[in-house]
Amino acid sequence: MADTLRRLVNTSAYNVLQEKLEAWYKDYHLISCDQNLNRCCELVELTSKVQGQLFTILSLTAREGGQYAGVDTLKSRFLPWLGSSLFITSSGVTTDTSLNLIQESMEKEKKIRALSDSHEQEMQKMETQLSAARLQLDTIKQELADADLELNDTKNRSATTLLASEEEILQLKADLRASRDQTDMYKRKLDVLDDFERQIRTLKDEVSYLTAEKSLLQDRITRSRSSSPLPRRSRSPSPLPFLRSDSPTRAQLTNASRHSRLVTRFTDIYANERLDAQNLLSRYIDDLEMVQRILFISTVESFHAAKMAFRQFKLRVRKTLSPTHIGQESLDDAVLDYIVRNLDLYDIQSSVNDVIRAMNVNPKISFPPEIDFILISSFIREMCRLAFAMQTLEPPLDLAFTTDGELYSESKYRRSYDSEFTAPLVAYHVWPALMEGNDVIVKGEAFTKRGALWSPRRSRSRSCSPNCSRGSSPSRALASTSRSSSPSRLSPSRL
C-alpha cells in the first residue's frame, strides 16, 4: 500500500488536474464547444484514474487491517457516500453503462498493477546494478590507492636518483674545472717552452754571430801585428768595443717575436678571459653596461698600474747596474735587456691591489656591497702581466686615449652588436684599442647610441694622446708633461 501511495504522490495527479482546470478556465471563451467538451472528458478520465488509485489504496489498507479493522469507518463514511453517488449517477446513467465503466476501471486497475509490478522489477534490477557499480567503484578506488602508493614510491626513488645525479654532475663540473685549469697551465707551460725555444734559437744566432766576429777580430789582430814593427805600440784600442756597440742585445733581437706574441695574447684575452670575467660578473650584476664598464676600466687601470710598476722596476735596475756597467753599450739597453730576461721578478700582486683600489674609488662603476672587485683578480692579473711585458718593447705598446661621448672612429673601434650604427658618438667603451705610437695595432670595441652626452671628465686611461707623436725630438720628449710617455724613453733626470 505504501508503494501505491508513493507512486500516487510522485505522479502529482492533483497538481496536473489543477493546472488543466486553470488552463481550461483561461481558454473557455476562446475555444469551440467541441474543444471544451474534449477537455471536460479529459478531466473526467483523469479524475477516474485518480479515484481508481484511491480505491486500490482503500482496498489494500482495509486488507492490511485484518478482517474487522476499519468496518466502522466504512459504514459511517464510505457506504453513505457510495450510496449517494450511485443514486446520483443512476438518474443519468443506465445500469449497463455503469457496469461498463466498472469493467473499464477494473481493466485499467489491472494495467496499473502490471505496470507497478514491472516498475518494481525494474527498480530491483536498477538496485542490483547499483550494487554492482558500487562494488566496481570500491575496486577502482582500491586500485587507485595502490597506484598512488606506487607513484609515491617511484617519486621517492626518482628523487634519490636525482640527488645522486646532481652529485655526479657537480663532481663532473669540478673535474671539468680542474681539467681546464690543468689545460691552461699546460698552455702556459707550452708558451714558456716556445719562448725558451725562441731564446735558444736567438742565442744560437748570437753565438754564431759572435764566433764570426771573433774570427774577424783575430784576423785583424794578426794582420796588425804582422804589419807593425812594434807590437806594443801597435796595440791601439781594440775595435771590439765599437763592434760590441753595434751588436744587438737580447731585448733587441727578440723584440719582433715578443711583439707578435704579446699582440696575439691581447686578442686572446679579449676573446676568452674577458668573456669568462663578463659571465662571472653577470651572476651578480644584471646591467650589461655596468659589467662591460667594469671590465674596460679594469683593463685601463691594469695598464696604468703596470706602467707605474715598470718605471719603478726600471729605476731600481738602473740604480743597481750603473756602478758596475762598463763598455760602449748604453745603460738603457742594458737595463731593458735585464728586465726582459727577468720578467718573473715583477711584483704583479702589488699591481693587482693598486688596480682594485683605483676601481673602488672610480665613480663610473659600482658593485654589490657583498661582492668585491677581487672577484675578477685573475683577469686583472693577466692584464697587468701583459701590460708590463708590452713596456719592454721598442717602441712600447699602449692603449688609446678614451673618453665617454667622444666621436666614434672607424680606425680605432668597431661597434658592438647592440649599438646604433648611425650614432656618431660613443656612449661607453667595451674594449680599448691597442696603439703603437699613432698606429692602431688592434681595434677596440665601443657602444654607440644617439643622445650620448659629452662627458668632460676623462677616463682613467693614462695611455698616449692621439696628438702626441713618438717621432718628436728627445728634447721635446723630455720637456713634455704628458703622463703617457713611454717608460722606456724616460731619462734619469725625468725620473
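Predicted model: local features only at pLDDT ≥ 70, side-chain atom pairs only at ≥ 80, totals over all residues.
Reader: What share of the contacts with a separation of 6 or more comes from residues 24 or more positions apart?
Author: The contacts considered here are those in the protein chain with a separation of 6 or more. Among these contacts, the share from residues 24 or more positions apart is 72%.

Reader: What percentage of the accessible surface of the protein chain belongs to carbon and sulfur atoms?
Author: The accessible surface of the protein chain comes to about 32,700 Å². Of this surface, the part that belongs to carbon and sulfur atoms is 57%.

Reader: Which residue in β6 stands opposite His429?
Author: Strand β6 spans residues 444-448 and runs antiparallel to β3, with four bridges joining the two. Opposite His429 stands a residue of β6, namely Ala446.

Reader: Which residues make the nonpolar surface patch of about 350 Å²?
Author: One member, Val192, is located in helix α5, which comprises residues 95-227. Val192 has a relative accessible area of 39% and is therefore partly exposed. The patch of about 350 Å² is made by Leu190, Val192, Leu193 and Phe196.

Reader: Is Glu206 buried or exposed, and what is its relative accessibility?
Author: Glu206 is found in helix α5. A residue counts as buried under 20% relative accessible area. Glu206 therefore counts as buried, with a relative accessibility of 18%.

Reader: Which residues does Glu206 touch, not counting residues up to four places away in sequence?
Author: Glu206 and Thr249 are 43 residues apart along the chain, and their C-alpha atoms are separated by 9.2 Å. With residues up to four places away in sequence left out, Glu206 touches Thr249, Arg250 and Leu253.

Reader: What are the relative accessible areas of Cys41 and Cys384?
Author: Cys41 is partly exposed, with a relative accessible area of 46%. Cys384 is buried, and its relative accessible area is 0%.

Reader: Which residue meets Glu42 in a salt bridge, and in which helix does that partner lie?
Author: A search of the whole structure finds 12 salt bridges. One of them is formed by the side chains of Glu42 and Lys20, at 2.9 Å from N to O. The pair ties together parts that are 22 residues apart in sequence, because Glu42 lies in helix α3 (residues 33-65) and Lys20 in helix α2 (residues 13-27).

Reader: Which residues join Glu382 and Arg265 in one network of salt bridges?
Author: Glu382 forms a salt bridge with Arg265, with the closest N and O atoms 2.9 Å apart. This pair links distant parts of the chain, 117 residues apart, with Glu382 in helix α13 (residues 377-390) and Arg265 in helix α9 (residues 255-282). Glu382 is buried at a relative accessible area of 17%, whereas Arg265 is partly exposed at 26%. Through salt bridges that share partners, Glu382 and Arg265 are joined into one network with Glu273 and Arg385.

Reader: How many residues apart in sequence are the parts tied together by Lys307 and Asp398?
Author: Lys307 forms a salt bridge with Asp398, the closest N and O atoms lying 3.0 Å apart. Lys307 lies in helix α10 (residues 288-321) and Asp398 in strand β1 (residues 398-399), so the separation in sequence of the parts they tie together is 91 residues.

Reader: Are Lys307 and Asp398 buried or exposed, and what are their relative accessible areas?
Author: Lys307 is buried, with a relative accessible area of 3%. Asp398 is also buried, and its relative accessible area is 5%.

Technical notes:
Residues numbered from 1 in each chain as written. Heavy atoms only, no water. Pairing = 2+ DSSP bridges. Patch = residues over 30% accessible without salt bridge, like charges linked within 9 Å, V, L, I, M, F, W, Y side chains within 5 Å. Areas by Shrake-Rupley, 256 points an atom, 1.4 Å probe, with all protein chains shown as cover. Salt bridge = Lys/Arg side-chain N within 4 Å of Asp/Glu carboxyl O. Buried < 20%, exposed > 50% of the residue type's maximum accessible area, 1.4 Å probe, protein only. Contact = heavy atoms within 4.5 Å.
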